[in-house]
Amino acid sequence: MKEPLVPVVPMSHTAHIRSHRKPRRSATSSIAMRAGVAGGVLSMAAAGASASANAAEPVTQTIELPTLTADMSAAVAQSAAATQQAAANYELRAERDAAAAKAAAEAKKDLAEAKEKAEAKKKAAEAARKAAAERAERSAERATLATTASASASTSTSVSAPASGSVATVIAFLKAQVGDAYVMGATGPNAWDCSSLVQAAYKQVGVDLPRVSQDQSMAGTDVPLSSIQVGDILYWGGKGSAYHVGVYIGNGQYLDAANPSKGVVIQDLSGYPASGAVRVL
């Protein structure tokens with residue numbers, strides 16, 4: 001029987017060198033490698049398909065809120081009530097503070113008004129006391145003048161020519177009335193108009209003059225204004241139609257019941273020149 005023939009494979013000229021020989025792959029390793037490559041390809045395909053699916057459908061994530069329990073609800077309600085109460089307390093305090101400030105301001109104002117009224121009352125009382133003292137003094141002077149006038153009248157030989165000293169009596173009476181009020185139609189003793197004062201002054205020495213200024217300007221003897229003497233009657237306006245009268249007291253001055261704002265005063269003749277003058281003493 002013939003032995004089978006073994007085919008002869010030509011070898012590389014370096015095949016006999018150990019390090020240059022290529023290791024032979026086993027069938028098992030080849031199969032494993034093929035299986036790994038196939039698995040990787042399949043994995044890549046599956047990943048691509050999954051990515052495509054994910055890109056096509058957006059992901060939606062839902063976050064669930066915690067559920068409020070009964071205790072949490074009670075705590076929230078209690079906190080809200082406390083906050084509301086605190087706000088109400090602040091508002092009440094603010095109202096009280098505003099009311100207190102207003103009350104303090106009103107009290108301060110009332111105190112100032114009370115002080116002002118007290119001061120005014122004090123001044124009024126002082127003025128009344130002073131006026132009473134002046135009236136008492138004038139009354140005493142009038143009593144003295146009345147006594148003097150009576151004595152002078154009893155020694156007079158004629159009404160138109162009273163005794164010596166009559167002019168001084170007239171002037172003294174007039175000066176005692178300075179400060180009295182002017183009231184139209186009044187005849188004394190604390191208020192006069194112009195003609196009633198002149199009439200009363202001359203009555204102290206027994207000379208009876210008419211009541212009104214128009215008639216008084218016609219009494220006695222006319223005197224030029226350049227020659228007037230103490231005790232002469234001055235008048236303003238036309239003779240017989242004069243609207244005002246006074247008495248010359250010397251030194252360029254006259255005394256009269258001027259007007260409601262001035263009362264009985266002494267004034268300079270240069271400031272209000274008379275229209276004429278008559279002499280009855």
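## A charged residue tucked inside

Asp256 sits in strand 6, where helices (H or I, at least four residues) and strands (E, at least two) are DSSP runs numbered from the N terminus. This is a predicted model, in which local features need pLDDT of at least 70, side-chain atom pairs count only at pLDDT 80 or more, and totals for chains, interfaces and linings use all residues. Residues are numbered from 1 along each chain as its sequence is written, and side-chain values use heavy atoms, with hydrogens and water left out.

Asp256 does have a polar contact: its side chain and that of Gln267 are joined at 3.1 Å. (A polar contact is a pair of N or O atoms within 3.5 Å; within protein, one must be able to donate a hydrogen and the other to accept it, and residues adjacent in sequence count only if both atoms are side-chain atoms.) Leaving aside neighbours within four places in sequence, Asp256 is in contact (heavy atoms within 4.5 Å) with several residues, including Leu197, His244, Val264 and Gln267.

## Three salt bridges

Now for the charges that do find partners. Side chains of opposite charge can pair when their charged atoms come close. The structure holds 3 salt bridges. One of them joins Asp193 and Arg211, with the closest N and O atoms 3.0 Å apart. Asp193 lies in the loop between strand 2 (191–192) and helix 4 (194–203), and Arg211 in the loop between helix 4 and helix 5 (213–216), so the pair ties together parts that are 18 residues apart in sequence. Asp193 is buried at 5% relative accessible area, while Arg211 is partly exposed at 27%.

Asp222 and Lys239 form another salt bridge, with their closest N and O atoms 2.5 Å apart. This pair links distant parts of the chain: Asp222 is in strand 3 and Lys239 in the loop between strand 4 and strand 5, 17 residues apart. Asp222 is partly exposed at 46%, and Lys239 is partly exposed at 36%. Then there's Asp232 with Arg279, at 2.8 Å between the closest N and O atoms. That pair also links distant parts of the chain, with Asp232 in the loop between strand 3 and strand 4 and Arg279 in strand 8, 47 residues apart. Asp232 is buried at 2%, but Arg279 is partly exposed at 24%.

## Val223 and its surroundings

Val223 belongs to strand 3 (residues 221–223). With a relative accessible area of 12%, Val223 is buried. Not counting residues up to four places away in sequence, Val223 touches Ile228, Asp232, Ala277, Val278 and Arg279.

Two strands pair if DSSP finds at least two bridges between them. Strand 4 pairs with strand 5 (residues 244–250) in the antiparallel sense over 4 bridges, and Trp236 stands opposite His244 there. Strand 4 also pairs with strand 8, again antiparallel, over 3 bridges, with Tyr235 opposite Gly276.

Rings of Phe, Tyr and Trp (its six-membered ring) pair if their centres lie within 6.5 Å; planes under 30 degrees apart count as stacked, over 60 as edge-to-face and the rest as tilted. The count comes to 3 aromatic pairs. The rings of Trp236 and Tyr254 have centres 5.1 Å apart and planes at 50 degrees, so this pair is tilted. Trp236 is in strand 4 (residues 233–236) and Tyr254 in strand 6 (residues 253–257), 18 residues apart. Trp236 is buried at 1%, and Tyr254 is buried at 0%. Trp236 and Tyr272 have ring centres 5.2 Å apart and planes at 15 degrees, so that pair is stacked. Tyr272 is partly exposed at 34%. Together, ring pairs link Trp236, Tyr254 and Tyr272 into a cluster.

Note on methods:
Buried < 20%, exposed > 50% of the residue type's maximum accessible area, 1.4 Å probe, protein only. Salt bridge = Lys/Arg side-chain N within 4 Å of Asp/Glu carboxyl O.
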